[in-house]
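Try each task yourself before you read the solution.

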Amino acid sequence: MKLIRFGAPGLERPGVELEDGARIDVSPVCSDYTEAFFAGGGLDRLRDWVGRNSRSAPRVAPDTRLGPPIARPSKIVCIGLNFRDHAAESGMPLPTEPVIFFKSTTALAGPNDPVVMPKNGSKVDWEVELAIVVGRRCSYVSSEDEAAEYVAGYALHNDYSERAFQLERAGQWVKGKSADTFAPIGPWLVTRDELPDPHALEMWLKVNGEYRQKSTTANMIFGAHALVSYVSQFMTLLPGDVISSGTPAGVALGMKPEPKYLQAGDVVELGIERLGESRQVVVSHESTVRAGRAIAAS
Ligand code: ZN
């Protein structure tokens with residue numbers, strides 16, 4: 001199944017995109033794609049319900065905004081430097097084991113929402129990534145085969161960064177990864193039964209129509225199941241948690257002779273085979289403040 005969430009930010013309802021592209025509202029069978037939904041066998045119930053009711057279920061209007069395909073998770077774990085070419089362009093050594101960092105869960109956004117440059121930020125960068133969504137609580141998962149059982153599915157993610165906050169301010173990468181709108185995920189969560197092996201998917205990203213990243217998940221140093229097992233050695237993974245598996249070469253940080261970071265008005269488009277496409281327009285922090293004032297005054 002392809003899970004979607006639709007409606008205004010914060011008020012999204014759950015839906016499913018059918019084989020023919022039609023989107024149905026599944027709120028009669030579940031209230032949202034939350035930790036409790038995945039933990040309580042929600043996916044099986046939903047599959048059964050969609051099988052019986054897909055023809056009569058209410059349709060979602062095609063122009064309805066899509067939210068992220070999961071409700072806000074307990075954590076977004078990101079993997080750094082998981083592609084050889086990206087480690088090289090970043091001037092960093094190849095990791096001997098996965099590099100882990102966090103992204104705040106308030107960064108979560110819909111796949112086609114504008115990305116907002118943070119206040120005092122000027123080095124906003126893109127990263128197309130395969131996001132793994134956890135389906136069952138787990139810790140200390142010992143093998144990759146076992147780890148596969150804990151996956152709910154996969155989604156497209158743009159792991160936005162503010163490179164000055166990430167690399168030029170004291171401390172860890174999390175400062176540069178956590179601004180609002182810095183984690184657009186979706187359009188869909190594609191369930192694991194539809195995609196048993198996520199390790200040979202084309203992935204790409206364009207800025208203003210020009211390719212910046214073009215690779216495949218086959219080039220990941222550590223595969224999706226290995227990452228679930230690895231991360232679970234350090235923390236309990238809960239249903240709905242996201243592990244974003246790292247980006248290939250082609251980010252602004254790696255551009256020669258110098259990086260060309262995003263500016264307000266730029267358009268970022270990205271996709272992963274089988275996981276759909278997304279599109280974000282870059283807007284300034286000031287423009288959102290002005291828009292907020294206009295709304296407040298009206
Ligand atoms: Zn990343």
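**Exercise 1.** Find how many bridges join β11 to strand β14, and in which sense the two run.

*Solution.* Start at β14 (residues 189–191): 2 bridges link this strand to β11, and the two run antiparallel. Strands here are DSSP runs of E, at least two residues long, numbered from the N terminus, and two strands pair if DSSP finds at least two bridges between them. Next, pick out Tyr154, whose bridge partner in β14 is Val190. Now turn to β10, which pairs with β11 in the antiparallel sense over 7 bridges. There, Ile132 stands opposite Tyr154. Last, check the cover: 8 of the 8 residues of β11 are buried (under 20% relative accessible area, with a 1.4 Å probe and protein chains only).

A word on the source: this is a predicted model, where local features need pLDDT of at least 70, side-chain atom pairs count only at pLDDT 80 or more, and totals for chains, interfaces and linings use all residues. Residues are numbered from 1 along each chain as its sequence is written, and side-chain values use heavy atoms, leaving out hydrogens and water.

**Exercise 2.** Work out which residues coordinate the zinc ion.

*Solution.* First, list them: Glu127 (OE), Glu129 (OE) and Asp159 (OD), at 1.9 to 2.1 Å. Donors are N, O and S atoms within 2.8 Å of the metal (3.2 Å for Na, K and Ca); water is not among the atoms, so sites may look incomplete. Then place two of them: Glu127 sits in the loop between β9 (124–125) and β10 (128–134), and Asp159 in the loop between β11 (151–158) and β12 (161–162), so the pair ties together parts 32 residues apart in sequence. Finally, both Glu127 and Asp159 are buried.

Technical notes: Helix = DSSP H or I, 4+ residues; strand = E, 2+ residues; numbered from the N terminus. Buried < 20%, exposed > 50% of the residue type's maximum accessible area, 1.4 Å probe, protein only.
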